[in-house]
Amino acid sequence: MAIPMPTRQLFIDGEWREPILKKRIPIVNPATEVIIGDVPAATTEDVEVAVNAARRAFSRNKGKDWAKASGAVRAKYLRAIAAKVTERKTDLAKLEALDCGKPLDEAVWDMEDVAGCFEFYADLAEGLDAKQKAPVSLPMESFKSYILKQPIGVVGLITPWNYPLLMAVWKVAPSLAAGCTAILKPSELASVTCLELADICREVGLPPGVLNVLTGLGSEAGAPLASHPGVDKIAFTGSFATGSKVMTAAAQLVKPVSMELGGKSPLIVFDDVDLDKAAEWALFGCFWTNGQICSATSRLLVHESIAAEFLEKLIKWSKNIKISDPMEEGCRLGPVVSKGQYEKIMKFISTAKSEGATILHGGSRPEHLEKGFFIEPTIITDVTTSMQIWREEVFGPVLCVKTFSSEDEAIELANDSHYGLGAAVISNDTERCDRVSQAFEAGIVWINCSQPCFTQAPWGGIKRSGFGRELGEWGLDNYLSVKQVTLYTSNDPWGWYKSPN
């Protein structure tokens, strides 16, 4: 059963604060197209207040309250947040399903991952204490050197709408574990659960200003955050176009950034596989999260000898996907996030058709759903490598298919992209899978599956899919500065200059 939307303000310096310009943004339920609430809309003025709060929190008590506190102290807060997320898991999942259209079962899974992410980085925060003053081997006995890992400072975290809370926490948890203070700016299209995270932080007594949450438009809140001189680093997940703007703004101050951008990931299916198992992974790799996944394996490459039979399997499996309101039991495909996203995806499909591709399955609104931003799972064939549908990220439940005749051709087709986030191969030949994995130009490779993601493993891409890695120990490194300390240990003078005595 649906729950009412909470009414929240901006979360700054440990308190709820009305936006200075008193602006708010409506929340539209994508399954019904009905306005179900609103969120505060931060502007430049609120960004200024939040950055100042984060800077005070970073340096309060000479940093001893947070930045220079032991990792064990920070871990205590992260574990308390994880426990509250687990306690509220059901309500958080329902809010997320209402806000962004994600099937409820997926949203519950996401909330479990959110709690797990905080727990994981609590462990790494504790481990950070033991790693301080790690020695560096030097070639001269009269010197000793060691390394300090220190928080990079105040960080701006700009996050997307497809995994509203989980992808925010991919940045929040490691940045706080490292000792940074943060300003989180979630997407205006889905930010309800990020405000609930703020409420959880307030409940557990997180020191004021350590995490600030500003909802609002990218142009009014995200842009001033990216360019603010009081922000020491920006971590961004979103589109290539917006990421380029964020980098441009940060570059004016030579501010470090990490970027997880779009993708157009390939999945290669060879002719030695179980067709049903491969078909399910092919559909999961593209239609999971309503097709709104940056790493979606939306370019399917099938060996020509099994193509006809495999396409039949894909259609049968697709017809069996339950498309419904995300709150309905068994929903496996909900609506896309907004009217704008719905229209953009439909335009991609119509352009593919006009360019000569074949809409093999789907491509329109499901007949049984008159309202909501629903799109049938769509399979497109007869595509060429120059078509828009093959080259550009759709960010919706749209799979395009090409055939190949050899391993070399498959690899060449897979790598012919501006993007390089994910890539997958399905085959029973382990040596072939190893060759293809090494040949893929991508930051993430899946073998005999698509899309599994674990907090312990690095996540990120190459080419226009961005740079830097989230999750695992690499996620913590994103928010740490490495300091070299070198000591001269000899009692003898250095002796480079002639003594005046």
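**Residues 21–485.** I started with the make-up of this stretch. Over residues 21–485 the chain is 41% helix and 20% strand. I am working from a predicted model. I then checked the UniProt record. The unreviewed entry places the feature "domain: Aldehyde dehydrogenase" at residues 21–485.

**H4 against H5.** Next I looked up a helix pair. H4 covers residues 104–131, and H5 covers residues 166–178. Their axes are 9 Å apart and the packing angle is about 15°. Angles under 35 degrees count as roughly parallel, so I noted H4 and H5 as roughly parallel to each other. I also looked up the handedness: the crossing of H4 past H5 is right-handed.

**Contact residues.** I listed which residues meet. H4 brings Asp-110, Asp-113, Val-114, Cys-117, Phe-118, Tyr-121, Ala-125 and Leu-128. H5 brings Leu-166, Val-169, Trp-170, Val-172, Ala-173, Pro-174, Ala-177 and Ala-178.

**Salt bridges.** I searched the whole structure and found 31 salt bridges. I followed up one that involves H4. Glu-126 pairs with Arg-79, and their closest N and O atoms are 3.1 Å apart. Where do the two partners sit in the chain? Glu-126 is in helix H4, while Arg-79 is in helix H2, residues 71–87. The two residues are 47 apart in the chain, and I noted the pair as a link between distant parts of it.

Key. Residues are numbered from 1 along each chain as its sequence is written. This is a predicted model: local features need pLDDT of at least 70, side-chain atom pairs count only at pLDDT 80 or more; totals for chains, interfaces and linings use all residues. Side-chain values use heavy atoms; hydrogens and water are left out. UniProt positions are given in the numbering used here, feature names are shortened, and annotations may be inferred rather than shown by experiment. Helices (H or I, at least four residues) and strands (E, at least two) are DSSP runs, numbered from the N terminus. Axes are lines fitted to C-alpha atoms, for helices over the stretch in contact, and angles run from 0 to 180 degrees between N-to-C directions. Angles under 35 degrees count as roughly parallel, over 145 as roughly antiparallel, 65 to 115 as roughly perpendicular and the rest as oblique. A crossing is left-handed if the near helix is turned anticlockwise from the far one by less than a right angle, and right-handed if clockwise. Contact means heavy atoms within 4.5 Å. A salt bridge is a side-chain nitrogen of Lys or Arg within 4 Å of a carboxyl oxygen of Asp or Glu.
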